[in-house]
Amino acid sequence: MRDETPDTPAYHYGVIARAIERIDAAGGGALPLDRLAADLNMSPAHFQRVFTRWVGVSPKRYQQYLTLDHAKQLLAEHKTMLETADATGLSGGGRLHDLFLRWEAMSPGEYARGGEGLKIYWGWVDSPFGPAIVAATKRGICGVGFAGEVGAEAAMADLLGRWPKADFVEDPMMLRTWAMAAFGADRTKGDTAPLYLIGAPFQIKVWEALLAIPSGQVTTYSDVAHQIGSPRAVRAVGTAVGRNPLSWIIPCHRVLRKSGGLGGYHWGLGVKRAMLAWERARADAAEEPRQIRA
């Protein structure tokens with residue numbers, strides 16, 4: 001058997017995406033390391049290294065985070081995380097994705113003009129969840145999309161098509177530092193990823209609420225509606241969540257149906273499941289050393 005050799009975040013995501021398919025096909029039964037590695041045309045040692053580097057836990061343990069019941073387990077544990085965030089002073093712009101983001105919203109007038117007069121820079125970057133297209137103005141990142149399931153051409157047309165009157169310039173190097181900060185490549189440097197939210201006032205209100213959901217946790221569409229003071233606007237909240245232009249950074253993947261079902265995800269449910277699994281596994285792995293010390 002000859003292993004593939006790339007060592008990039010996009011390659012790691014590809015391994016995870018294929019592993020999800022194998023785990024789903026197993027109907028919930030645990031797959032031994034040797035068998036799963038063989039299905040992916042990798043040696044067990046290489047497969048284990050990729051998994052451990054990517055998420056911080058072994059492939060055997062990671063399988064529990066990728067099961068179809070994982071979202072329901074998260075929902076069963078959650079205690080209205082948006083309310084908890086309010087009580088601890090971590091809500092909205094105050095939390096800002098672990099304090100490594102800052103943002104400003106476009107005015108309603110600017111939004112209505114469809115990006116007219118804006119210069120938007122765009123480029124492709126590697127992310128833990130596959131190839132990502134990132135768009136930004138001089139003020140900050142305004143869009144992130146993922147090509148892993150929908151394809152690069154469709155992802156690009158979808159994301160950039162949100163601002164039909166903007167002037168687009170391909171410049172991945174201009175975006176590099178912001179993109180790396182947004183995906184948490186090296187937070188020890190203290191880099192921030194400024195955000196420039198382009199949306200209607202109601203949408204921005206919903207997106208602000210999403211920033212209050214802690215990593216590794218989830219909430220529901222109805223909880224978000226209550227949080228923004230519009231408890232009957234669950235359907236409108238769902239639409240605003242689906243139109244979030246800053247996927248991953250504004251964590252719409254952390255919103256589930258009341259039943260524990262994943263609901264929809266603009267860039268594919270496989271990407272959403274990978275994000276939830278990655279966050280929860282990392283959160284649990286980080287918590288264990290603290291429990292041991294205690």
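**Notebook: aromatic pairs and the strands around them**

I looked for ring pairs and got a count of 5 aromatic pairs. The rule I used: rings of Phe, Tyr and Trp (its six-membered ring) pair if their centres lie within 6.5 Å, with planes under 30 degrees apart called stacked, over 60 edge-to-face and the rest tilted.

I took Phe-129 and Phe-146 to begin with. Their ring centres are 6.3 Å apart and the planes sit at 80 degrees, so this pair is edge-to-face. Phe-129 is in the loop between β2 (119-125) and β3 (132-137), while Phe-146 is in strand β4 (residues 140-146), so the pair links distant parts of the chain, 17 residues apart. Strands here are DSSP runs of E with at least two residues, helices are runs of H or I with at least four, and both are numbered from the N terminus.

A note on what I'm looking at: this is a predicted model, where local features need pLDDT of at least 70 and side-chain atom pairs count only at pLDDT 80 or more, though totals for chains, interfaces and linings use all residues. Residues are numbered from 1 along each chain as its sequence is written, and side-chain values use heavy atoms, with hydrogens and water left out.

(Buried means under 20% relative accessible area, exposed over 50%, partly exposed in between, using a 1.4 Å probe and protein chains only.)

Next I looked up Trp-248 and Trp-278, an edge-to-face pair with 5.5 Å from centre to centre and 75 degrees between the planes. Trp-248 lies in the loop between α13 (234-242) and β8 (255-256) and Trp-278 in helix α14 (residues 269-293), so this pair ties together parts 30 residues apart in sequence. Both Trp residues are buried. I also noted that ring pairs link Phe-129, Phe-146, Phe-183, Trp-248 and Trp-278 into a cluster.

Then I went to the strands. In β2, 5 of the 7 residues are buried, so the rest of the structure largely encloses this strand. Strands pair if DSSP finds at least two bridges between them. β2 runs parallel to β5 (residues 167-170), with 4 bridges, and Ile-120 has Phe-168 as its bridge partner there.

Last entry: β3 and β4 are antiparallel over 6 bridges, and their hairpin passes through 2 residues.
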